[in-house]
Amino acid sequence: MTSDAQQSSLVAVRVQPRASSDAVIGEREGAIAIRLKAPPVDGQANAALLRFLARKLGVAPTAVELVRGATGRQKWIRVAGLSAEGVRQALLAPL
């Protein structure tokens, strides 16, 4: 296994578009629940999700990739440079 493969992770997220603010709201059915202000039109919510996650995780926007679920609320995200557990801890940590 290459070091690049070891340094990326797949994480399940569940997105609620058209919310009043962007926020991680917890965990639902094994996925990290996220509210986004962006509407689910023309990929706006997907783009907003990737920007939001990159900002929250402190990684470059190019390190966050939508792997599966472009048209649904349930999505799989790959984050290069972080483990799946590291991503979960960073997103679900209390402020």
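Buried here means under 20% relative accessible area and exposed means over 50%, with partly exposed in between (1.4 Å probe, protein chains only). With that settled, here are my notes on the model.

1. Ground rules. This is a predicted model, in which local features need pLDDT of at least 70, side-chain atom pairs count only at pLDDT 80 or more, and totals for chains, interfaces and linings use all residues. Residues are numbered from 1 along each chain as its sequence is written, and side-chain values use heavy atoms, with hydrogens and water left out.

2. Asn46. This residue sits in helix α2, which spans residues 44-57; helices (H or I, at least four residues) and strands (E, at least two) are DSSP runs, numbered from the N terminus. Its relative accessible area is 14%, so Asn46 is buried. Leaving out residues up to four places away in sequence, Asn46 touches Leu66, Ala70 and Lys75, where contact means heavy atoms within 4.5 Å.

3. Ala38. You will find Ala38 in the loop between β3 (31-35) and α2. It counts as buried because its relative accessibility is 14%. Beyond residues up to four places away in sequence, Ala38 touches Pro17, Arg18, Gln44, Ala45 and Ala48.

4. Leu82 and Val59. Leu82 belongs to the loop between β5 (74-80) and α3 (84-92), and with a relative accessible area of 24% Leu82 is partly exposed. Val59 is in the loop between α2 and β4. The two residues are 23 apart in sequence, and their C-alpha atoms are 9.1 Å apart in space. Setting aside neighbours within four places in sequence, Val59 is in contact with Ala54, Val64, Val79 and Leu82. Val59 and Ala80 are 21 residues apart along the chain, with 8.5 Å between their C-alpha atoms.

5. Salt bridges. How many salt bridges does the structure hold? There are two, a salt bridge being a side-chain nitrogen of Lys or Arg within 4 Å of a carboxyl oxygen of Asp or Glu. As background, side chains of opposite charge can pair when their charged atoms come close.

6. Glu27 and Arg88. Glu27 is partly exposed, given its relative accessible area of 45%, whereas Arg88 is buried at 19%.

7. Arg78 and Glu65. Another salt bridge is formed by the side chains of Arg78 and Glu65, at 3.4 Å from N to O. Here too the pair links distant parts of the chain: Arg78 is in strand β5 and Glu65 in strand β4 (residues 64-68), 13 residues apart. Arg78 has a relative accessibility of 29%, so it counts as partly exposed. Glu65 counts as partly exposed as well, at 39%.

8. Backbone angles to look at. Most residues other than glycine have a negative phi, and most peptide bonds are trans. Glu29 is not a glycine, yet its phi is positive, at about 50°. Glu29 lies in the loop between β2 (23-28) and β3 and counts as exposed because its relative accessibility is 85%. Asp42 also has a positive phi of about 50° without being a glycine. Asp42 is in the loop between β3 and α2, and at 76% relative accessibility Asp42 counts as exposed.

9. Ala90. Ala90 and Gly58 are 32 residues apart in sequence, while their C-alpha atoms are 9.6 Å apart in space.
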